[in-house]
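Biologist: I've just opened this one and I'm new to it. Could you walk me through what you see, piece by piece?

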Amino acid sequence: MSYYKSYYMLKNLSIEWLKLKNYRTFWWLIGLFVLCLIGSNYITYQLKVVTSMQSKGGLDLLLGSPFSFPDVWQAVSYVSSYVLFLPGFLMVILITNEYNFKTHRQNIIDGMSRTEFALTKIFMAVILSILSTIVVVLITIVTGLTAGSSFSLTGSVYILYFLLQALTYTLGGLLLGTLLKKSGLSIAIYLIYIGFIKNLISFLLDRYAGGIGSYMPVKSSDELIPMPFFKQVTKSLITPPDGTWLLIMTIFFIVAFYWITVKRFKTQDL
Amino acid sequence: MSTTVLSIQHLSKSYGALQALSDVSFEVPKGSIYGVLGPNGSGKTTMLGIITDVLRPDSGQYTLLNSPDHEQARKKTGTLLETPNFYPYLSAYKNLEISALIKGVSTMEIDPVLERVGLLARKNSKFSTFSLGMKQRLAIGAALLGNPELLILDEPTNGLDPNGIAEIRNLIKGLAVEGRTVVMASHLLDEVEKVCTHVAIIKNGKLLTSGSVGEVLASEDVIALRSVDLKKLSDILPGIAGFSKLEWQNEQILLHADLGRSSLEAINQYCFENGVILTHLALQRASLEARFLEITH
């Protein structure tokens with residue numbers, strides 16, 4: 001990126017900051033998100049501790065030790081990924097707000113280019129994803145050490161997968177908002193897709209289209225991090241989807257979300 | 001240096017089957033107050049939306065401030081399009097801070113602008129608490145940020161009370177005196193007549209006419225004449241210099257003529273010399289409304 005372009009990107013990010021700084025919903029959702037990240041991992045960890053204790057270590061053979069290094073990278077990433085709908089939801093709100101208030105028009109009228117506007121929002125999605133990943137890294141380290149294991153970077157590739165998944169959710173939310181413009185409709189479709197349709201399509205495709213269900217949008221990123229619990233049991237029951245293809249499809253969808261968002265914002269009537 | 005601030009060439013735009021704008025071209029000279037006049041839904045806002053890059057034209061081009069870089073030109077243009085668009089949860093000041101940052105204008109300019117539109121006392125109030133008139137004034141304030149060379153104002157007096165309307169009109173005239181150019185869309189005839197130097201009339205997306213207000217709205221002079229013998233009067237009138245046509249109206253005759261080539265005294269004298277004594281002789285400048293109806297029907 002040239003100096004000129006980076007200057008404009010920084011300037012546009014500071015404009016974005018002015019929009020968010022006093023926006024309460026943003027801070028509430030961020031707070032809720034971090035709370036959910038910590039809470040969901042804490043509960044899962046405690047569950048593991050309690051089941052271990054009650055079975056007097058008998059279940060440990062099946063469960064493995066998911067909250068100790070190196071497995072803790074996968075376990076915390078996996079549990080945290082269930083809360084990723086929140087930053088995506090936040091992106092839907094941030095973009096449809098602009099359409100609602102017609103402030104996207106004002107930004108363009110004041111002299112921002114359409115590409116700059118779209119790229120700034122994409123940048124926001126990237127920043128949100130990176131911040132989520134940093135929080136997850138911190139939770140991982142704290143959990144791993146609490147479980148009494150010593151720090152190890154083995155298995156930390158799951159953090160990268162988590163970042164890819166976060167990018168999928170945030171950029172997916174942004175794209176959906178850009179396409180639909182209406183906040184209520186976008187939020188409804190976003191939540192229904194994430195919570196229901198995604199799995200339904202995936203199930204139907206697996207059943208009737210030769211097992212390609214795992215490679216659908218968002219679904220492919222979900223499956224990057226397989227379930228860390230009962231590894232021994234699941235391994236013998238289910239054939240996991242091809243990891244390389246999951247990675248390829250996930251990156252493909254992230255690039256597609258990015259590209260369609262920019263393209264759409266450049267050509268639509270605002 | 002060119003004296004054209006905005007040049008529009010063959011702009012067309014349709015929404016599905018509706019042709020909102022059809023091959024519209026005109027030029028706005030520097031320093032003019034250019035009224036874009038037309039009934040609601042005639043395509044005024046569509047046209048202004050295109051030149052501010054909010055809407056995409058199907059075909060045609062435009063040049064803002066003679067610059068090939070539309071973004072840079074927009075930063076030097078103050079625009080109020082349709083409705084005031086601001087973040088409801090931010091204060092007036094913070095909303096203008098965002099506009100100022102995008103335009104590359106110092107935040108020092110915000111207070112003077114708020115003062116000018118009478119909102120300085122409410123600068124820390126949230127936009128959502130403003131009345132329609134205050135919102136409109138804030139939008140005009142945003143348009144004034146950075147001392148723009150060109151202002152594009154779409155129905156600027158919308159939602160304002162009579163006092164506010166008068167203030168805005170004075171403000172617009174003042175801007176023109178400072179050498180700025182104003183493009184103003186309106187469906188209000190008398191607003192255009194009171195403020196504008198130039199006018200373009202749009203109907204159903206088509207440009208019907210454009211030019212200086214003098215050219216468009218009073219292309220010829222209309223003189224009302226009365227005499228005892230109207231028949232004889234009508235016989236001799238075609239002999240007057242600059243005659244174009246006459247029409248009968250109740251008890252008088254309306255003479256359309258170019259007073260640049262004749263004068264009221266000359267007409268009076270001509271009639272007298274031809275044996276008609278006038279009982280009434282008055283100049284009736286074609287009223288804007290009559291002219292507007294004539295053009296749009």
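Biologist: How many of the residues of helix 4 of chain A are buried?

Modeller: This is a predicted model, where local features need pLDDT of at least 70, side-chain atom pairs count only at pLDDT 80 or more, and totals for chains, interfaces and linings use all residues. Residues are numbered from 1 along each chain as its sequence is written, with chains lettered from A and ligands numbered from 1 in the order in which they are written. For helix 4, residues 72-81, the buried count is 10 of 10.

Biologist: And what covers the buried residues of helix 4 of chain A?

Modeller: The buried residues include A:Trp73 and A:Tyr78. Their helix's cover includes, from chain A, helix 2 (24-54), helix 7 (114-146), helix 8 and helix 10 (219-222).

Biologist: Which residues touch the most other members of the largest nonpolar core?

Modeller: A nonpolar core is a set of buried Ala, Val, Leu, Ile, Met, Phe, Trp, Tyr and Cys residues joined through C-beta atoms within 7 Å. The largest has 125 residues, and helix 8 (residues 157-180) of chain A gives the most to this core, with 12. The ones touching the most other members are B:Val36, B:Val182 and B:Met184.

Biologist: Where are the domains of chain B, and how many Å separate their centres?

Modeller: Bounds here come from an automatic or database domain assignment. That assignment puts domain 1 at 4-217 and domain 2 at 221-296. Taken over C-alpha atoms, the centres of the two are separated by 40 Å.

Biologist: Which helix of chain B gives the most to the side that touches chain A?

Modeller: Residues are in contact if their C-beta atoms, placed from the backbone, lie within 7 Å, and 24 residues of chain B are in contact with 23 of chain A. On that side of chain B, helix 2 (70-75) and helix 3 (92-103) each supply at least two residues. The one giving the most, with seven residues, is helix 3.

Key:
Two residues are in contact if their C-beta atoms, placed from the backbone, lie within 7 Å. Helices (H or I, at least four residues) and strands (E, at least two) are DSSP runs, numbered from the N terminus. A residue is buried if 20 or more other C-beta atoms lie within 10 Å of its own, exposed if 12 or fewer, and partly exposed in between; C-beta atoms are placed from the backbone.
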